[in-house]
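Work through the following exercises with the coordinates open, and try each task before reading its solution.

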Amino acid sequence: MPATTELLWLLLIHQIPPKPNYLRVKIGRRLQALGAVAIKNSVYVLPRSEQALEDFQWVRREVVAGRGEATVCEARFLEGHSDAEIESLFTAAREADYSSLARDARGLERTLAGPGKRRAKGAEPARQILLRLRKRLSEIQTIDFFGAPGRDTVEGRLAGIEARLRPAAPDAVTTSATTPAEVRGRTWVTRRSIHVDRMASAWLIHRFIDPEARFEFVPGNEYAPRQGELRFDMFQAEFTHDGDLCTFEVLLRHFRLAEPALRNLAEIVHDIDLKDAKFARPEALGLDRLIAGMAMRHPDDAARLSQGAAAFDSLYEYFRRKR
């Protein structure tokens, strides 16, 4: 027997009558919206929590009201399925959701990449589409119980679209700051749970732009910056995705960092972050797995940043010395 007796999961086991047809569809959609995954026909699982229990209880009532049968139970897997396998089902489902959302975001980017008149004409419809994409992202995040890959890519694309739709402020840092000296000693703010683009961008900032930089990691998209702070790779950031450029690439362009070794790093970060194989860098897969491992080992962003900086230092040195 396992050493722990903790019950990690909730199961909903149901039997729905063949008629009416709409009931099966309705229950399926409800379970999908809750983020539940099927481990076999008519057996659905959620991570155990008070909210999940309430959600499953409501679904059970709907099934019973439709003359079906349903049971909700707490569970611990002993044989057959493992906790890791169940978790991977949730991760795969949410990764697919993020991938679908990223494709829709790329479609909106292409709309905004047209000639000036067409872009201006489509600005308001694009804002409405962007709001719907943001709503979908929020819904996916709510049921992303285990931090599936892909969220950063979507966040970055949506932030880039928002930047395109936002009127440029004449006194914004992005129009006036052209040298690292002008941003020396700032607090640089980004979203929590940093991954490849934010890790790489923070490394670039500290090593080549602002060696006195302080970093702060904040939640969500509603953060209001304080005096002297600069944001990167987040909602309404001074430095974030622009079209098909990731934040690392935007920083290189803005601060005119043209060193070939940094360009090599930018191509690798781009391929990992945007998942479009634009540069087809062979190093991307290995670095992607390495950074995923760092994220698994270190929930703390400062630790991730330290580990990531060591990796980027080594990669930079390799490309700097390689002919």
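**Exercise 1.** In this predicted model, determine which handedness the crossing of α10 and α11 has, and then characterise the geometry and the residues of their contact.

*Solution.* The crossing of α10 and α11 is right-handed. The next step is the geometry: α10 spans residues 260-274 and α11 spans residues 283-297, and the two helices pack with their axes 9 Å apart at an angle of about 65°. Because angles of 65 to 115 degrees count as roughly perpendicular, α10 is classed as roughly perpendicular to α11. On the α10 side the contact is formed by Ile268, Asp271 and Ile272, which meet Glu283, Ala284, Leu287 and Asp288 of α11. Sorted by class, the residues of this contact comprise 4 nonpolar and 3 charged, with no polar ones.

**Exercise 2.** Describe how helix α3 (residues 83-112) is placed against helix α6 (residues 151-165), and say which residues meet.

*Solution.* Begin with the axes, which come within 9 Å and cross at roughly 20°. Since angles under 35 degrees count as roughly parallel, α3 is roughly parallel to α6, and their crossing is left-handed. From α3, the residues in contact include Tyr98, Leu101, Arg106 and Glu109, while those from α6 include Arg151, Val154, Leu158 and Ile161. The class count for the contact of α3 with α6 is 10 nonpolar, 5 charged and no polar residues.

Conventions: Residues numbered from 1 in each chain as written. Predicted model: local features only at pLDDT ≥ 70, side-chain atom pairs only at ≥ 80, totals over all residues. Heavy atoms only, no water. Axes fitted to C-alpha atoms, helices over the stretch in contact; angles between N-to-C directions. Helix = DSSP H or I, 4+ residues; strand = E, 2+ residues; numbered from the N terminus. Parallel < 35°, antiparallel > 145°, perpendicular 65-115°, else oblique. Left-handed = near helix turned anticlockwise from the far one by under 90°. Contact = heavy atoms within 4.5 Å. Nonpolar A, V, L, I, M, F, W, Y, C, P; charged D, E, K, R; others polar.
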